[in-house]
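Here is a short briefing on a protein structure. Look through the sequence and the model, then read the points below.

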Amino acid sequence: MGRVDDAFLDVIHNESRMKPEERFNVVTSFVDLLGPTPYFNFDPTPQPTNAGYREHKTRNIPNLRFGDGQTGYYGAGGLERNGYGVYKSPESFDIIALYPEDDEDDARPYVLSLLNKLADYDASPTAFDRDTYELGSEFHYSQPAQKASDYDAALIVVPDEDEAAEADYDDPYPEFKRRLGQLGVPSQMISVDNLGNDNYGGNICSSLIGKAGGVPWRIDDVPGGVDAFVGLDVTYDHATKQHLGAAANVIMADGTILASEAVTKQAGETFDEDDVANVIKHVLEIFAEEEGRPPRHVVIHRDGKFYLDVESLINRLDKARDLIQRFDLVEIRKSGNPRIAKYDESKSRFDIADKGVAFYVHNGDHSYLTTTGGKEGSPGTPRPLQIVKRHGSTDLDTLAEQTYWLSEAHVGSLSRSTRLPITTYYADKCADFAMKGYLTKGSVIRGVPYI
């Protein structure tokens with residue numbers, strides 16, 4: 001997709017974010033305009049129906065685990081409101097903060113406020129240093145980036161992207177990201193425009209903890225007896241109109257990231273079968289290192305369609321039944337899905353559906369799932385995901401519940417869940433970072449430096 005005019009985008013976004021009742025009225029008005037069609041013996045009466053579908057609701061329970069065995073609903077609920085502390089702080093958490101010389105007066109107090117918040121989360125840095133850097137050409141940023149090589153994470157204040165684009169200096173963001181990625185130092189960027197904005201403080205801190213190898217929270221219970229999930233995605237470069245990057249990540253059953261890998265360039269949307277097989281081999285190796293045994297049950301999520309010979313892949317995996325006893329192949333499709341809403345019979349109107357509602361097609365192999373929705377302040381009618389089962393013995397109810405809880409595991413967002421499960425969401429982020437040169441392709445990445 002090419003670039004879209006910003007003014008047009010603002011208008012179309014507002015027009016498209018209709019609430020459920022508005023959306024239903026638009027559709028019924030269109031049907032009314034059509035009128036009866038005798039040729040097809042079609043005279044519809046618009047009304048709510050679930051014909052052809054079976055509804056299932058994931059229980060809304062405090063299923064995120066924080067420190068000291070405490071559980072809650074959201075990252076903000078556990079870390080901010082209840083003060084539970086993180087599930088696991090980084091083993092070593094030496095941080096360096098870098099900010100432009102001209103912004104030091106604003107950056108210093110904001111960075112110190114972040115350190116206080118980390119302490120509130122029971123994740124205080126094991127060491128902290130700060131320094132300034134000069135805005136200039138891209139070559140000016142190598143030396144301060146090199147200073148960060150002795151640290152576990154870097155907090156870097158950078159100019160706003162639009163301001164940098166019009167300035168006579170080079171934007172430091174991509175240069176710091178690229179160099180620190182090569183050095184293996186996770187970085188958290190803070191725009192100068194956001195200095196003093198307390199709304200982002202929690203997200204910055206939880207992201208930094210996750211990037212440095214900590215676990216802000218994990219999922220307490222995931223159904224289905226899964227040992228590990230694998231997420232696969234291919235990233236599209238709009239500038240060159242090519243699919244340049246592909247990535248996979250391995251996620252434990254509790255939603256904690258084990259490792260990621262950016263693989264070779266792909267042909268179109270096809271995730272090469274050999275690459276998928278190699279990813280599975282790495283899953284076996286990494287999981288065995290961590291757990292001392294091979295995984296018994298693996299669920300593989302593909303962002304969109306597999307676009308490969310699924311039967312051939314199944315045959316290859318079947319030969320390794322002694323290593324992986326069970327595996328499921330699941331497609332997580334984002335677009336082209338029907339909307340889901342909640343009908344209030346007492347008011348005869350549609351409202352935003354609660355999170356976790358899914359509808360299963362009778363005698364089908366797919367379901368539609370809402371991962372965002374009621375009580376999150378979501379604009380318009382939330383867009384559901386289509387969960388398509390391509391292979392495996394796990395039932396659709398369980399596959400949908402797994403997907404839902406994995407959408408609650410993104411440690412970069414305290415107050416809202418992501419629409420996508422972190423299997424495919426993180427794979428997309430990883431592939432994008434690799435495409436931009438912020439990560440080394442072909443290497444196994446520990447932690448989540450790309451969030």
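Contact means that heavy atoms lie within 4.5 Å. By that rule, Gln 386 touches Glu 331, Ile 332, Arg 333, Asn 337, His 366, Ser 367 and Tyr 368, leaving out residues up to four places away in sequence. The model is predicted, so local features need pLDDT of at least 70, side-chain atom pairs count only at pLDDT 80 or more, and totals for chains, interfaces and linings use all residues. Residues are numbered from 1 along each chain as its sequence is written, and side-chain values use heavy atoms, with hydrogens and water left out.

**Buried residues in strands**

- Helices (H or I, at least four residues) and strands (E, at least two) are DSSP runs, numbered from the N terminus.
- Gln 386 sits in strand 18, which covers residues 385-391.
- Buried means under 20% relative accessible area, exposed means over 50%, and partly exposed lies in between (1.4 Å probe, protein chains only).
- Gln 386 is buried, because its relative accessible area is 11%.
- Gly 231 belongs to strand 9, residues 228-237.
- Gly 231 is also buried, with a relative accessible area of 0%.
- The contacts of Gly 231 are Ala 247, Ala 248, Asn 249, His 301, Thr 423, Thr 424 and Ala 427, not counting residues up to four places away in sequence.
- Gly 231 and Glu 331 are 100 residues apart in sequence, and their C-alpha atoms are 10.0 Å apart in space.

**Salt bridges**

- A salt bridge is a side-chain nitrogen of Lys or Arg within 4 Å of a carboxyl oxygen of Asp or Glu.
- How many salt bridges does the structure hold? There are 18.
- Asp 397 and Arg 54 form a salt bridge through their side chains, at 3.1 Å from N to O.
- This pair links distant parts of the chain, 343 residues apart: Asp 397 is in helix 11 (residues 396-406) and Arg 54 is in strand 1.
- Arg 54 is partly exposed, at 37% relative accessible area.
- Glu 175 pairs with Arg 178 in a salt bridge, with the closest N and O atoms 3.2 Å apart.
- Glu 175 and Arg 178 are separated by about one helical turn, because they are three residues apart in helix 7 (residues 172-183).
- Glu 175 is buried at 19% relative accessible area, whereas Arg 178 is partly exposed at 27%.
- Asp 274 forms a salt bridge with Arg 316, where the closest N and O atoms are 2.9 Å apart.
- Asp 274 lies in helix 9 (residues 273-291) and Arg 316 in helix 10 (residues 310-318), so the pair ties together parts that are 42 residues apart in sequence.
- Salt bridges with shared partners join Glu 273, Asp 274 and Arg 316 into one network.

**Surface patches**

- Patches are made of residues with over 30% relative accessible area and no salt bridge: like charges are joined within 9 Å, and nonpolar side chains (Val, Leu, Ile, Met, Phe, Trp, Tyr) within 5 Å.
- Accessible areas come from the Shrake-Rupley method with a 1.4 Å probe, and for residues only the protein chains shown count as cover.
- Tyr 39, Phe 40 and Phe 42 form a nonpolar surface patch, with about 460 Å² of accessible area together.
- Phe 42 is in the loop between helix 2 (20-34) and strand 1 (53-57).
- Phe 42 is partly exposed, at 44% relative accessible area.
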